[in-house]
Amino acid sequence: MTDLGTWPAGPDPQPAGPACGSLADLLERVLDKGIVIAGDIKIDLLDIELLTIRLRLFIASVETAKKAGIDWWETDPALSSRAARDALTEENARLRARLEALDEAGTDTTEVTR
């Protein structure tokens with residue numbers, strides 16, 4: 001009967017691929033350089049295309065993303081308090097302009113502004 005819990009005697013086996021650093025080093029390298037993962041999912045039925053989903057994933061640090069021209073999180077009101085304030089300020093200005101236009105047209109806006 002053989003003992004399956006022991007390795008054969010001899011030199012320790014070497015890793016098959018190149019040795020890379022720790023997971024933290026790998027993550028730092030990926031975030032510094034950025035990585036793009038792209039793929040398409042297509043669902044066909046009898047040669048009729050029913051659905052196509054195109055996936056594009058860009059993993060990078062904020063600084064690397066900004067260098068690539070990606071900064072959508074800064075202008076999304078759901079993600080940025082500054083963008084939310086800007087959106088409210090813009091809406092407020094539009095409403096004030098609309099009230100002024102109604103006042104100039106002679107429309108009674110006292111009920112609207114209460």
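Which residue is the bridge partner of Val36 in strand 2? In this predicted model, in which residues are numbered from 1 along each chain as its sequence is written, local features need pLDDT of at least 70, side-chain atom pairs count only at pLDDT 80 or more, and totals for chains, interfaces and linings use all residues. Side-chain values use heavy atoms, with hydrogens and water left out.

The bridge partner of Val36 in strand 2 is Phe58, and Leu55 of strand 2 is the bridge partner of Gly39. Strand 1 (residues 35–45) and strand 2 pair in the antiparallel sense over 11 bridges, where pairing requires that DSSP finds at least two bridges between two strands. Helices (H or I, at least four residues) and strands (E, at least two) are DSSP runs, numbered from the N terminus. In the hairpin that these strands form, 2 residues lie between the strands, and Leu46 takes a positive phi near 55 degrees.

Ser61 is found in the loop between strand 2 (48–59) and helix 2 (62–67).

The chain has a mean pLDDT (the predictor's confidence in each residue, from 0 to 100) of 77, and 75% of its residues reach 70 or more. Confidence is highest in strand 2, at 87, and lowest in helix 4 (residues 110–113), at a mean of 57. Where pLDDT is low, the predicted coordinates should not be read in detail.
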